Amino acid sequence: MTDISKSQYDSSGWSASLYNKTAHPVLELLAPVPGERIIDFGCGSGEVTLELMKLVGSEGLVVGVDASEHMIKQAKANGVDHASVVDIQASELAQFDGDDQKYDAVFSNAVLHWCKKSPRGVLQNAKRVLKPGGRIAVEMGGFLNCIGVRSTIHHVLRGRGYDPVALDPWFFPTVEEYRELLISEGFKPITIELVPRITPLPEGVYGWLATFFRSSFLQGFSDELAEEIMREVEDLCRVDCQDVFGAWSVMYMRLRYLAVLEQ
């Protein structure tokens, strides 16, 4: 049985050990070059940040920021030189380590769909740190992400008397919705698309829920009630998410884009 103890998570509801990101095609979209200054929005435990550091070299600078103190601690332990606990949705993104220079690019992978509180605030902060003509390259959950599983979560919570919309932490926009948001904040979209990706779940829907759902949707729930809800969701999802060999998968739909801050 998957351990769902809340002791694995920090005060923001994240666990660096459970959320270990790897490089994605969005790195190719960013196309960093030696000497550039880049901020990684939601750097997590720093694996991709380290790749960025290698690509910009000793003449460049990469700063990692994340809302989770667990992840920033791990990022520093992994070798990220400049890493700070920062809420990228906050109304004013401070400078880092006394650095008042602008940046060439903002990078973010698998993070901005957690920024339901203020998607616009994220872009406003990107504007604050970017040079005119600077770019932002992002991959995040988009429209239809986790289709079937998300609606089942809502169904189960609603059936138990809870408001799933209020508890749902996810922001999965369409291409059209996010394009309008970018343009309204002064960014010119260069490319923006939805990319489907079937994602295996080695520990089943329950294990996936224990990693991402327990600490967000169910943060205020007892372990006993959380387990009941997650078991019910997994059982209802079995018909769509488990194949004839017993393997589990979920459909991810990633919104991937590159945009430039207009001068």
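**Salt bridges and burial**

I began with D223, which is partly exposed at a relative accessible area of 34%. I looked up its partner and found that the side chain of D223 meets that of R214 in a salt bridge, with an N to O distance of 2.7 Å. R214 is buried, its relative accessible area being 0%.

I note that the model is a predicted one.

Next I examined E139. Its side chain forms a salt bridge with that of R254 at 3.9 Å, N to O. E139 is in strand 5 (residues 130–141) and R254 is in strand 7 (residues 249–261), so this pair ties together parts 115 residues apart in sequence. I checked the distance against the cut-off: a salt bridge requires the nitrogen to be within 4 Å of the carboxyl oxygen, and the pair E139 and R254 is listed at 3.9 Å.

I found that E139 also forms a salt bridge with R256, where the closest N and O atoms are 2.8 Å apart. R256 belongs to strand 7 and E139 to strand 5, so the pair joins parts that are 117 residues apart in sequence.

E139 counts as buried at 1% relative accessibility. R254 is buried with a relative accessible area of 5%, and R256 is buried with 13%.

Which residues are linked with E139 in a network of salt bridges? I recorded R197, R254 and R256 as linked with E139 in that network.

Key. Residues are numbered from 1 along each chain as its sequence is written. This is a predicted model: local features need pLDDT of at least 70, side-chain atom pairs count only at pLDDT 80 or more; totals for chains, interfaces and linings use all residues. Side-chain values use heavy atoms; hydrogens and water are left out. Helices (H or I, at least four residues) and strands (E, at least two) are DSSP runs, numbered from the N terminus. Buried means under 20% relative accessible area, exposed over 50%, partly exposed in between (1.4 Å probe, protein chains only).
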